[in-house]
Amino acid sequence: MPVGEGAVTDIAPVRVADRGGRRLLLVLAVVAVLVPVLNVLPAEGSFLHVSSYSMTLIAKYMSYGMLALAVDLIWGYCGILSLGHGAFFALGGYAMGMYLMRQIGARGVYGNPLLPDFMVFLNWKELPWFWHGFESFPYTLAMVILVPAMLALVFGFLAFRSRVSGVYLSIITQALTYALMLAFFRNDMGFGGNNGFTDFKDILGFNLQATGTRVALFVCTTLALGSSYRLCRYVITSRAGRVIVAIRDAESRARFLGYQVEYYKLWVFVLSAIIAGIAGALYVPQIGIINPSEFSPVNSIEIVIWVAIGGRGTLYGAVVGAFLVNLAKTYLTGAFPSFWLYGLGGLFIVVTLFLPYGVVGVIGQWRRARLEGSTL
Amino acid sequence: MTRTPIPTVLTILVFLVGVGSARAARAGGTEAADKPGLASLLAQLPDASYADKRVLIGRMVQTQDPKVRVVLRAMLDDSLYVRASDQRIFIGEADQETIHLTDALSGQAAGAVSGDAVSLIGVNNQLRKTLRVALAQFDLNNPDAGVRLAAVKEMLRALNAESQAVLRSRLGMEHDSAVRRQIKEGLALSDLDSSDAAIRLAAVVALSRSLNPDVYNRLSAMAGRDSDGVYGEADPAIRAAAQAGLRVIERYRRFYAVVQTMIYGVSEGSVFVLIAIGLAITFGVMGVINMAHGELMMLGAYTTYVVQLLMPNHIGSSILVAIPAAFLVSGAIGVAIERGIVRHLYGRPLETLLATFGVSLILQQAVRDIFSPNNRPVITPDWLAGSLQINDVLAITYNRLYIIIFTIALFLALLTLLKRTRLGLDVRAVSQNREMAKAMGVRTAWVDALTFGLGSGIAGIAGVALSQLTNVGPNLGQSYIVDSFMVVVFGGVGNLWGTEVSGNALGVVNKLLEPYAGAVLAKIFVLVFLILFIQWKPRGLFPQKGRNAGG
């Protein structure tokens, strides 16, 4: 029974005309303008009013959308199924969380100007070395990108060089995020143990609860999602992108043709980790909490299902999938709490068995069928 | 427990008057009794002072009458009474207002009386100590070596010249080696206090191989200085002997500590093997990534719980019933998963992974809805509780011991099944070359379903074992899934021996790291080690060879 290579061939080729993507960007542009306007202008209780809660929720979906984009980039186009992408998301989130913790300053429960509350609680006397620098926002931004990138670089370098692929790679990425989860749960690590970081106050001196700050963060998230999409699209339509797809479809053949398969894979893997890290950094200030459960292997597998449901190997489909699944999750966990896991589990099965191209693929098929019908 | 009220002056007077006549009456009775010694000794108890009682206890022991033990025990427990009406001795069991009496000599029930009708034979703390030693001396002649050993230990707690003499004489006729060792050790320990340097030296030498923690403490105290800088032992020759003895003891202790770590490591490794061996079949032999493997184990654990609910009066055998039951439950669900889902996804491993993960979510939620989101209590049968005390520093809990034995048995059974039966032959044929097997008339679809069912059933059996080791809850499976895949990949996919070796190796490494790093950090180290190991040997410890090795 073939395992791994060659198993992934039935995915839509890179489309030249990116109609779905253009629509996605259009929707994002509308959302970026309309949602904040409707949040600020109409009176509360008005029909048109979008509550701050809804706005935060949409921002959350958008950061998940970025994460799905990151997974689709490597899974849909390079055939690398990472079951540990939640780790890069969480690392970006933790980096941002450290900055936000430093911003609290002396306003914590214990009022210590230097140490976050949990360190005071653990009787620590000074800031651990890796916490230095996080008082600076530019440094934090650099870390949001560098920490996931470095982890992806080292991990990917080792894994791709020794040609770990297919399910083996999936399993060790899962082990990676599991190990990180166990590590971050430890109080001694200096990341707040199982409580993680919360009770943030300011970002860049602006109050996180203020409408202005929320709107700014929302717009930033929309922009980040849009630019990530453009970036991924640029990568996969570039010459290097063609090689990446070739690696997905026939790794050995690409290698025999003289391409340095490992470096292409490594490069796209690191890029994907960076996008995931930025998504995490945008998620944390808006949701207001980050804890080690973000590293849990189940979270990472859930990301894969967003991509599979939306439509693997389409980029915009991944974003659509992240929105649809999370919308359903928000609704179902509220309305029928026990039903959610049945629903999610059923989705995994139905999509893999019956919808190999995802929702986007189904819509595409349906439209093609109609077009053919009309030309006859 | 109600106690007899302190006798008033009046009742004491009544006693004094009654004593003479009662004694006269009893004198006739004792002639008829087959143990006149005990009866007359008992009769003296009510009037005896504490000092007299001590003497009486000593003489009772000398009678060697088996009833003495009961009487002394009752006295120690404050339940030996004298009846005011006839001055006879009874063992009483207090119950609310009344006391149920049993004749101390004949052992016959003598009805219930109110607390005023009897009075307690009082004991003080000094007497209690005497009683314990007396009971122990009495037990020293018991035919059961275990009782004798306990008696020796009891006597050693409060040793005096008299009990030393008793122990020395017992040593002469004792045959059981454990009891002999215990007596020798105890006597040598007491000899350490002797004023004669030669006796002390001999005792130190005799104790030099003992693993008893008391011995270690005493020898350390002798070899070292106390807080005032005074040596615990004045004689330098004895001090040197004590130091030499300590070195020997420490070497033994280190050795047994290593043995203990290894056994615990192998036991932990057996858990790894258990959780991975079903996966070694579905993933290793069939190449199917079954993310619901952990949930199949969870179902096995819940089966144990249900079996115990169904047979609450036979908890001891419930585990033995649960093993085949769990195999059937998890195996049947495994076959259903294979027929319903996995079958359509052969050759698409990543999709199989996702679909079976969906199954795992559904199974978790189903268990949550059917049972409860909380952990379910699974009872540990008595024969699994407790520990095997090998010596003073090495004890192995029975559940650790049984898990090792159980895993080995399961592993051998599975190996036999795969290598020696028709089904095993078919399974191996299909996994090596599906098309060729089909051409030779093997019903591949049927073999696939059975193989998957087998792996799933084994997961269920592992769940029965896990129910004795960990909490049985809906998340049981999730906490093991990463571990189980790592074990299979580490050992080399498609290789049962690899799984066995890698599981045990990981368990031992985990236990070796734990004292230095703590449990969680040790686990993280092991995971990181495995991630790095797979880079080095992507096909595991024992890679498959030959044409089908590609994957």
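Select strand β1 (residues 80-83) of chain B together with strand β2 (residues 89-95) of chain B: the two pair in the antiparallel sense over 3 bridges. Helices (H or I, at least four residues) and strands (E, at least two) are DSSP runs, numbered from the N terminus, and two strands pair if DSSP finds at least two bridges between them. The model is a predicted one, in which local features need pLDDT of at least 70 and side-chain atom pairs count only at pLDDT 80 or more, while totals for chains, interfaces and linings use all residues. Residues are numbered from 1 along each chain as its sequence is written, and chains are lettered from A and ligands numbered from 1 in the order in which they are written.

**The strands of chain B**

In β5(B), Ser119(B) is the bridge partner of Val82(B).

Step back to Asp78(B), in the loop between α4 (67-76) and β1 of chain B. Asp78(B) is not a glycine, yet its phi is positive, near 60 degrees. How many C-beta neighbours inside 10 Å does Asp78(B) have? There are 16, so Asp78(B) counts as partly exposed. A residue is buried if 20 or more other C-beta atoms lie within 10 Å of its own, exposed if 12 or fewer, and partly exposed in between, with C-beta atoms placed from the backbone.

Now select strand β3 (residues 98-103) of chain B and β4(B), an antiparallel pair over 4 bridges. His100(B) stands opposite Ala112(B) in β4(B). The hairpin of β3(B) and β4(B) has 5 residues between the strands, and Gly107(B) in the turn shows a positive phi of about 75 degrees. Strand β4 (residues 109-114) of chain B is hardly covered, with 0 buried residues among its 6.

**Leu418(B)**

Move to helix α15 (residues 398-420) of chain B and pick Leu418(B). This residue counts as partly exposed because it has 18 C-beta neighbours inside 10 Å. Leaving aside residues up to four places away in sequence, Leu418(B) touches Gly424(B), Val427(B), Arg428(B) and Leu496(B); two residues are in contact if their C-beta atoms, placed from the backbone, lie within 7 Å. For a view across the chain, draw a distance from Leu418(B) to Asn141(B): the C-alpha atoms are separated by 56 Å, and the residues are 277 apart along the chain.

**Two stops in chain A**

Select helix α11 (residues 297-310) of chain A. Its 14 residues should span 20 Å at 1.5 Å a residue, and its end C-alpha atoms are 21 Å apart, which agrees; the expected span is 1.5 Å times one less than the number of residues. The helix is mostly covered, since 13 of the 14 residues of α11(A) are buried. Just after α11(A), Gly311(A) takes a positive phi of about 135 degrees.

Then go to Leu204(A), in the loop between β2 (202-203) and β3 (206-207) of chain A. Its phi is near 55 degrees, a positive value in a residue other than glycine. Is Leu204(A) buried or exposed? With 10 C-beta neighbours inside 10 Å, Leu204(A) counts as exposed.

**Where the chains meet**

Display both chains: 41 residues of chain B are in contact with 42 residues of chain A. On the side of chain B that touches chain A, α14 (349-370), α19 (478-491) and α21 (519-536) of chain B each supply at least two residues. α14(B) gives the most, with 15 residues. By class, this side of chain B has 26 nonpolar, 9 polar and 6 charged residues; Ala, Val, Leu, Ile, Met, Phe, Trp, Tyr, Cys and Pro count as nonpolar, Asp, Glu, Lys and Arg as charged, and the others, Gly among them, as polar. The predictor gives the complex an ipTM of 0.81 and a pTM of 0.76.

**Confidence in chain B**

The average is 82, and 92% of the residues score at least 70. Among the elements of chain B, helix α12 (residues 293-310) of chain B has the highest mean pLDDT (94) and helix α1 (residues 9-32) of chain B the lowest (43). Over residues 1-35 of chain B the pLDDT is below 50, and this stretch has 28 contacts in the model beyond near neighbours in sequence. Where pLDDT is low, the predicted coordinates should not be read in detail.

How values were computed
pLDDT = per-residue confidence, 0-100.
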